[in-house]
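Colleague: I am new to reading protein models. Could you walk me through this one, feature by feature?

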Amino acid sequence: MHLAYPAVLAALLFCTGIYGVLARRNAILVLMSVELMLNAVNLNLVAFDVWLRDTLHSGQALTLFVIAVAAAEIGIGLAIVLMVYRNRGTSDIDRLRDTAEAPDGTKTEATA
């Protein structure tokens, strides 16, 4: 099998993930898009590991590490999103910007 097939598929998955991160307003969909991008990286790691015929299988070992980090990231991310949803009543990313400070360092009305 040629290396181009999984590389093109991974590029398409990564581009779809970038589009999801940039275009979506829902925090859960943004987290799913980040996971899609991580899976594209995992596909590239495994494909290059097979293509290079690495005896240590370092690409596959790094893939397992990325999967573990992604699982922890999604667990903590979902916990944060659920707490924000309980407090605010929405998981819209644009509405979460209301909690930020003003450019001059003073608190905004929502946080005062």
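Colleague: What percentage of the 112 residues of the chain count as buried?

Modeller: Let's set the ground rules before I answer. This is a predicted model, in which local features need pLDDT of at least 70 and side-chain atom pairs count only at pLDDT 80 or more, while totals for chains, interfaces and linings use all residues. Residues are numbered from 1 along each chain as its sequence is written, and side-chain values use heavy atoms, with hydrogens and water left out. Now, buried means under 20% relative accessible area, exposed means over 50%, and partly exposed lies in between (1.4 Å probe, protein chains only). Of the 112 residues here, 20% count as buried.

Colleague: How many helices and strands are there in the chain?

Modeller: Helices (H or I, at least four residues) and strands (E, at least two) are DSSP runs, numbered from the N terminus. This chain has four helices and zero strands, giving the pattern α-α-α-α along the sequence.

Colleague: Which rings form the aromatic pair?

Modeller: Rings of Phe, Tyr and Trp (its six-membered ring) pair if their centres lie within 6.5 Å; planes under 30 degrees apart count as stacked, over 60 as edge-to-face and the rest as tilted. A search of the whole structure finds one aromatic pair. The rings of Phe48 and Trp51 have centres 6.1 Å apart and planes at 85°, so the pair is edge-to-face. An α-helix has 3.6 residues a turn, so residues three or four places apart point the same way. Phe48 and Trp51 both lie in helix H2 (residues 27-52), three residues apart. Phe48 is partly exposed, at 35% relative accessible area.

Colleague: Which side chains meet in a salt bridge?

Modeller: Side chains of opposite charge can pair when their charged atoms come close. The rule asks for a side-chain nitrogen of Lys or Arg within 4 Å of a carboxyl oxygen of Asp or Glu. The count comes to one salt bridge, in which Asp94 meets Arg25 (3.1 Å, N to O). This pair links distant parts of the chain, with Asp94 in helix H4 (residues 93-96) and Arg25 in the loop between H1 and H2, 69 residues apart. Arg25 is partly exposed at 47% relative accessibility, and Asp94 is partly exposed at 28%.

Colleague: Where is Arg53 found?

Modeller: Arg53 sits in the loop between H2 and helix H3 (58-88). Its phi is near 55°, a positive value in a residue other than glycine. Arg53 is exposed, at 69% relative accessibility. His57 is also in the loop between H2 and H3, and His57 has a positive phi of about 55° although it is not a glycine.
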